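Hi there,

Here is the structure I promised to pass on to you. Please have a look at it first, and then read my notes below.

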Amino acid sequence: MNKSKPVAPRSKWEEFRYRPVPGHWDEALHPSGFPRRHWRGLATAVGRMGFAQFTRSWHVGQQLIQANGVTYNVGGDPAGKERPWPMDPIPLVVPPAEWTAIERAVAQRATLLNAMLHDLYGAQRLVKDRHLPAALVFANPHFQRSCYGLSPVGGVPLQTYAVDLARSPDGRWWALGDRTQAPSGIGYALENRLVSARILPGVFNQCHVRALTRFFDTKRNSLLALAPSRRDSPRVVLLTPGPHNETYFEHSFLAGHWGFPLVEGADLTVRDSRVFLKTLSGLEPVDVILRRMDDAFCDPLELRGDSLLGVPGLMQAVRNGAVAVDNAIGSGVLETPGLMAFLPGLCRLLLGEELLLPSVATWWCGQPEPRRYVYEHLDQLVIKPAFRKYGLHPEFPAQMSKAARENLIQRIEAQPELFVAQEMVALSTVPVRTEKGLVPRHAGLRVFAARDGQSYAVMPGGLTRVAGESSSVVAMQLGAGSKDTWVLEDHEEPAPAVRPSILVRAGRTSLPSRVADNLFWLGRYAERVDSGVRLVRSLLPALSGEEDFGRAASMETVVQLLTGLRFLPENAPELPLGQQRWHLQKLLSGLIYDSARMGGLGWNLKQMRRSAWNLKERLSSDTWRVLQQLEADLARTPPVNPDQRLTAQITLLDGVVVTLAAFSGLVMENMTRGHGFRFLDLGRRLERALQITDLLRAGIVEAPPETDGHLQLLLHVADSTITYRTRNLTMLRADLVLDLLLCDETNPRSVGMQLSALRDHVDELPEHAEIGRHSIEQRLALKALTAVRLAEVAPLTRRDAEGNLGPLGDLLASLKTDLFDLSQALTAQYLSHLQTARLRSSD
Amino acid sequence: MTYRATHVTRHIYEEPVAQSVNELRLTPRDYGRQHVREFDVQVEPEPALWRTRRDWFGNEVTTFSIFEPHDRFTVTATSIVEVEPARVGVLPTVRWEEARDILSAGTEDASLEASEYIYDSPFVAATPDLAAFAKPVFEPGRPLVEALEELSRKIHREFEYAPKSTSIDMPLAEVLENRRGVCQDFSHVMIGALRSLRLAARYVSGYLRSGANYQGAEASHAWVAAFVPGAGWLHFDPTNDMVPSDGHVTLAWGRDYSDVTPVKGVTLGGGAQLVEVAVRVVPA
């Protein structure tokens, strides 16, 4: 296309000021500065947009990434350190002919590696016949001896494969590294596609970019086909190390995309050499595990014992042939740079073919001759560990002092099998958008393949990763960026007939217990944030000195209530007014801004977010956006000026209440009324009942008698002022307030309504008591509800001779105990097996 | 000599264990001069599922799970095993450097197989300190067997036997520095020293005959086997400065303790725990 008219005449391409580095292959431009043929469509379109419009489109893209919660954890902190996924708006474009070659080469490499895996964990002919040095297996920490002799279900250990490619100055593609255990990136690649198609819609359509969806369907189908027992609807789970993992976003994204439950090790259990998922309805068999966990962590009993992320007994289940694992455990042995030197020979031996995709030139120091070559050419080489190890980095002898070089040589001499040397590759460059225009950065391309029947399907696209400024190392962990990869359709040939993809139904799964647990706590923390905000919001006006009868409570009342709720020291009501004010201000600022303060808003919000993050694949992107809004609200720094601060606080809290309402609304509107919703709502109801019970104690039982101020404040905090006024135009009366907040089951904020909902939910939970008998949870819910229904508000609010409300105090205390017991009982019955595992060993 | 060996392991937990998955390496090995006549293992509480298999090193592994809540766990292994005395013959005079080069070349199948044991393993990695420790013993040109005997003696002489002084996870470097430990540590030191010279050594777990004045009887024991080209694997017990003969019963071997842990499991729950181990090896 566009053979004769490269860049359109009215192009603003010059605005982008793109100048490639001489001496490197530039993906976009010829050395002359003229766009390469397959880039012309993109360059023309982008040129027509001009830099300003292009930048505007890009901002939309960044908002999308934010809104979808696409992240990459760097520190691995689930409480909020994950960074937005770094993506650049200009895709890498690959022409059809070149792609066909890559596709063939990648499929061949996957076939070769699969054959090697077969041998290494089976006959070991490669070692016995001296085709492969034994040290590459025996000294390899990734060779899992427990996996020896295991034949994977279906006979294909390598189901998922990724390879990192780079292009040298002469235009050839090279393999830099193989990823064979649990390659990451296809989820990010799909996200990049969704974003790039949104920000460059016109160009995307004009360029005829090959779609990624078929690859995802293929992968999903082949996962289902791996199920050992040919059941109609096999159950596949995606096993993640958990929210701390740097690519957790991708795990939840893929689980959501494919509709497979996302599980952690503790969600699975091995019984009778079979794997089961712990759900609310009991144990459900698992047929296929797509793991995103490294080999060594999969089974703490047989593999690495110092980490309990995995599933104890999993190896036994695999040995029993009862579960398929994608990729087979042990396949990490191939992620060994030392092996690369032997691939051409092994390819001839095992496949009878020449290796189509050369690896970057590699010398393994475990053999005398290559070692000698390495010593003679140290300055031109980079020295790397022969076996991948976290925390070990490449070394560049050319940049070393004499002493450091000698030390390196000594280390190689002591254990030569641990080192490889590789040629330094001059990576090609791609245009990357910066504020100043487009600049060239080094790039690498990760290509993915999936076993499909008798061969491998290669995803037509990939994850392009770009190095940081003045760096030639491309690694997400080192803070690189990413790009979408556009593989262009071939127009010369008719498009291949689209094979209709038949989607096999995956087995329906009941709610995993861990998910129920997270939903329960999400509900509890959301309610804690809500009640906290309402409490603080009703107290602020007192601080501002507003004594407006209709709205604000007096300082005295506020201090008494907060003392009753144990927020202020016991002696606070006796302190001079000035000190009271100081205490209050300190408390409120702490509650609002100090996220490290346990029980404060920020802290509760952090807990809420932690629970939500564990549920990422189950929350809609709208819900997620609302959560991010909440966090952004509370992350604002307080104004320095005290007066401004107060106004700012009130505005802030008003905003938070509305955002929280949006959260509740989205949950109500979008969640199906299954057990998931039930656990979330159980959490909310339970928490709300506890909060109101506490308020009633502090605001009625422990308040001085005959003060309207307290009742008013109480109604305000409980958001029931208007309801009260519509019903009782008369003055404030304790019995009427108590009736509204304790007994009235039509008031959404009364204890009674929470208890009635709790009773209904508990009745609907999967049964475990004998038929016709009440479970502990049912009895507790019923007991609390009955106590409230039988309560008579008039006598309860009548004070005795000493002015006390003993019976009401007792009632509230007993309600509180019942609610705690209910929470305990729910945990014990439905969530308790989420105990942590520990390893024991003895002589 | 024929022995009846009884090995009892008992765990008492502070809080109930909800379930556990376990692995035992308690079956004596049947090889060379050792023959297993009978073997039986009992577990309390009653396990849900038994399986046995051979691991990579050829050791028999018994796996089982327990799904009923329990606060104590007992494994009793009993075996009747016959051990012949080590044959006293002419020992090969191969020099240690030759042995090292034979292992590196791996031309023979036996040396290729043995070469697995010159590399680092989870608990034992070669270090310059370990090499320095071995160096005075491995004088240039010295016959390997002679050097092995002296290395074992050197450890016995320079290290203090201090039961309860170490836990399993005490790093090897610390053991070497403090010069104290138990049979496990002594074996790891010897293996590490040999690997630092690129010689092949493996960890052997087993029992000592009861009653004799040995360190490490009444509990499970450990010693070292080193590969000597032409003679195969020769055993050395640095804890007792002796060459194991018919007083040592072999259970399992591997690269280090982590490959042959006799009783290992993953539990849910449990809290703190007390462990008691008792071994009795008497003539049958």
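**Helix packing, chain contacts and backbone details**

In chain B, helix H4 (residues 144–158) packs against helix H6 (residues 183–196) at an angle of about 140 degrees, and their axes are 10 Å apart. Please keep in mind that this is a predicted model. Angles over 145 degrees would count as roughly antiparallel, so H4(B) and H6(B) are oblique to each other. Their crossing is right-handed. On the H4(B) side the contact is made by Leu151(B), Ser152(B) and Ile155(B), while H6(B) brings Phe186(B), Val189(B), Met190(B) and Ala193(B). Sorted by class, this contact of H4(B) with H6(B) has 6 nonpolar residues, 1 polar residue and no charged ones.

Chain A has a helix pair to look at as well. Helix H1 (residues 40–67) and helix H5 (residues 186–199) of chain A pack at an angle of about 145 degrees, with 9 Å between their axes. The crossing of H1(A) and H5(A) is right-handed. From H1(A), the residues Ser57(A), Trp58(A), Val60(A), Gly61(A), Leu64(A) and Ile65(A) meet Val195(A), Arg198(A) and Ile199(A) of H5(A). The class count for the contact of H1(A) with H5(A) is 6 nonpolar, 2 polar and 1 charged.

Next, the domains of chain B. The chain is divided into domain 1 (2–84 + 261–283) and domain 2 (96–244), and the C-alpha centres of these two domains lie 26 Å apart. Their contact takes 10 residues from domain 1 of chain B and 8 residues from domain 2 of chain B. On the domain 1 side that touches domain 2, strand S1 (2–24) and strand S13 (273–283) of chain B each supply at least two residues. S13(B) gives the most to that side, with 6 residues. By class, the domain 1 side of this contact in chain B has 8 nonpolar, 1 polar and 1 charged residues.

- The peptide bond from Asp326(A) to Asn327(A) is cis, with omega near -10 degrees. Asn327(A) sits in the loop between strand S12 (324–326) and helix H10 (343–351) of chain A.
- The peptide bond from Glu44(B) to Pro45(B) is cis too, with omega near -5 degrees. Pro45(B) belongs to the loop between strand S2 (34–44) and strand S3 (49–54) of chain B.
- Arg17(A) is not a glycine, yet its phi is positive, near 50 degrees. Arg17(A) lies in the segment before H1 of chain A, and it counts as exposed because it has 11 C-beta neighbours inside 10 Å.
- Asp241(B), also a residue other than glycine, has a positive phi near 50 degrees. Its place is in the loop between strand S10 (232–236) and strand S11 (248–254) of chain B, and with 15 other C-beta atoms within 10 Å, Asp241(B) is partly exposed.

Best wishes

Conventions
Residues numbered from 1 in each chain as written. Chains lettered and ligands numbered in written order. Predicted model: local features only at pLDDT ≥ 70, side-chain atom pairs only at ≥ 80, totals over all residues. Axes fitted to C-alpha atoms, helices over the stretch in contact; angles between N-to-C directions. Helix = DSSP H or I, 4+ residues; strand = E, 2+ residues; numbered from the N terminus. Parallel < 35°, antiparallel > 145°, perpendicular 65-115°, else oblique. Left-handed = near helix turned anticlockwise from the far one by under 90°. Contact = placed C-beta atoms within 7 Å. Nonpolar A, V, L, I, M, F, W, Y, C, P; charged D, E, K, R; others polar. Domains from an automatic or database assignment. Buried ≥ 20, exposed ≤ 12 C-beta atoms within 10 Å, placed from the backbone.
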